[in-house]
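Please keep the sequence and the 3D view open side by side while you read this briefing. Each group of points takes up one topic, so that you can find the residues and follow them from one point to the next.

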Amino acid sequence: MRIEVVEHPLVKHILTRLRDAETEPAQFRALARQLTLLLAVEATRDLPLREHPVQTPLEPTTGHSLAQPIVAVPILRAGLGMLEAITELFTDVRVGYIGLERDERTAVARAYYCKLPPIGASRVLLLDPMLATGGSAAQAIEVLINAGARDIVHVCVVAAPEGVQRLNKQFPQVRIVAASLDLGLNDRKFIVPGLGDFGDRLYGTGAR
Ligand code: PRP
Ligand code: URA
């Protein structure tokens with residue numbers, strides 16, 4: 001199975017607080033943002049750099065700038081919880097949106113929105129915290145490839161082996177970066193142990 005799980009103590013610390021059923025939406029949003037900062041570092045570790053001179057207050061030296069544009073694409077709605085961290089780190093990022101919603105009964109995602117910037121040779125960071133069956137991510141990746149994307153990293157918080165295997169098979173060229181590879185899916189296709197419905201926990205729309 002090809003997945004890059006970020007092994008950092010802070011990742012485990014933040015993820016545990018996200019998993020905790022007692023964590024309220026305001027805290028959940030802050031934690032999701034913090035965790036995405038750490039995941040983004042891993043997802044962009046291999047970005048190319050351009051060398052150029054820079055004048056410090058003391059003397060000239062060689063500096064570096066990112067040489068590949070970044071496009072971030074959150075899958076609505078839960079992916080929005082990861083977007084702010086990316087726009088904060090990559091100030092020149094262009095943002096697209098893909099709206100997908102799983103049917104509660106069948107767990108099959110239905111597309112309801114899509115707006116993408118020009119992609120070209122950009123690194124595309126596909127943002128969706130939960131990789132469960134992989135159906136939503138697969139639909140989104142298909143859309144991105146049809147829009148010309150050639151360098152896609154799927155950034156998620158929790159992944160299930162079922163979703164990872166599906167993406168590995170269908171899109172071997174797509175990297176997956178996650179905070180955890182969990183045990184699997186329950187009979188409602190929720191990730192276990194997981195953290196529940198990420199969108200509901202982010203926006204307080206779940207049952208109380
Ligand atoms: C969740 C999650 C993913 C999807 C993962 O979204 O954010 O998009 O389910 O499941 P899959 O891998 O089985 O497709 P959901 O459809 O609940 O919509 P929401 O973000 O609007 O809550
Ligand atoms: N979507 C979620 O938000 N959580 C899961 O466990 C599976 C899909």
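This is a predicted model: local features need pLDDT of at least 70, side-chain atom pairs count only at pLDDT 80 or more; totals for chains, interfaces and linings use all residues.

Two residues are said to be in contact here when they have heavy atoms within 4.5 Å.

**Strands β4, β6 and β7**

- Strands β4 and β6 run parallel and are joined by two bridges, and one pairing to look for is that of Leu76 with Gly99, its bridge partner in β6.
- Strand β6 also pairs with strand β7, which covers residues 109-115, and here the two strands run antiparallel with six bridges between them.
- Ala107 is not a glycine, yet it has a positive phi of about 65°.
- Is Ala107 buried or exposed? With a relative accessibility of 9%, Ala107 counts as buried, because the cut-off for buried is under 20% relative accessible area.

**Helix α5 and its surroundings**

- Helix α5 spans residues 161-170, and its buried residues are Pro161, Gly163, Val164, Leu167 and Asn168.
- When you look down the axis of α5, these buried residues fall within an arc of 160°, so they line one face of the helix.
- Which elements do the buried residues of α5 pack against? They pack against β9 (130-131), α4 (135-146), β10 (151-159), β11 (175-181) and β12 (184-185).

- His154 lies in strand β10, and with a relative accessible area of 1% His154 is buried.
- Apart from neighbours within four places in sequence, His154 is in contact with Leu126, Asp128, Leu131, Ala137, Leu167, Val174, Arg175, Ile176 and Val177; one of these, Leu167, is also among the buried residues of α5.
- Val124 belongs to strand β8, residues 123-127, and Val124 is buried, with a relative accessible area of 0%.
- Although Val124 and Val71 are 53 residues apart in sequence, their C-alpha atoms are 4.8 Å apart in space.
- Val71 is also one of the contacts of Val124 when neighbours within four places in sequence are left aside, and the others are Val73, Ile119, Leu144, Ala149, Asp151, Ile152 and Val153.

**Thr87, a partly exposed helix residue**

- Thr87 is found in helix α3, residues 80-89, and its relative accessible area of 31% makes Thr87 partly exposed.
- Leaving aside neighbours within four places in sequence, Thr87 is in contact with Val93 and Val95.
- Thr87 and Pro57 are 30 residues apart in sequence, and from C-alpha to C-alpha they are 28 Å apart in space.

**The largest pocket**

- How much space lies in the largest pocket? It holds about 750 Å³.
- The largest pocket is lined by 29 residues, of which Glu101, Arg102, Phe190, Asp197 and Gly199 are the closest to its centre.
- At least two residues of the lining come from each of β4 (70-76), β6 (97-102), β9, α4 and α6 (198-203).
- By kind, the residues of this lining divide into twelve nonpolar, seven polar and ten charged.

**Backbone details in the loops**

- Leu76 and Arg77 are joined by a cis peptide bond with an omega of about 0°, and Arg77 is found in the loop between β4 and α3.
- A cis peptide bond also joins Val192 and Pro193, where omega is about -5°, and Pro193 sits in the loop between β13 (191-192) and α6.
- Lys189 has a phi near 65°, a positive value in a residue other than glycine, and Lys189 is found in the loop between β12 and β13.
- Is Lys189 buried or partly exposed? Its relative accessible area is 37%, and Lys189 is therefore partly exposed.

Terms used
Residues are numbered from 1 along each chain as its sequence is written. Chains are lettered from A and ligands numbered from 1 in the order in which they are written. Side-chain values use heavy atoms; hydrogens and water are left out. Buried means under 20% relative accessible area, exposed over 50%, partly exposed in between (1.4 Å probe, protein chains only). Helices (H or I, at least four residues) and strands (E, at least two) are DSSP runs, numbered from the N terminus. The arc is that of the directions from the helix axis to the C-beta atoms. On a 1 Å grid over the protein atoms alone, a cavity is a set of points where a 1.4 Å probe fits but cannot get out, and a pocket is an open set with protein on both sides within 12 Å along at least five of seven lines; lining residues have an atom within 4 Å of a point. Grid points are joined across faces, edges and corners, and a volume is the space filled by probe spheres set on the points. Ala, Val, Leu, Ile, Met, Phe, Trp, Tyr, Cys and Pro count as nonpolar, Asp, Glu, Lys and Arg as charged, and the others, Gly among them, as polar. Two strands pair if DSSP finds at least two bridges between them.
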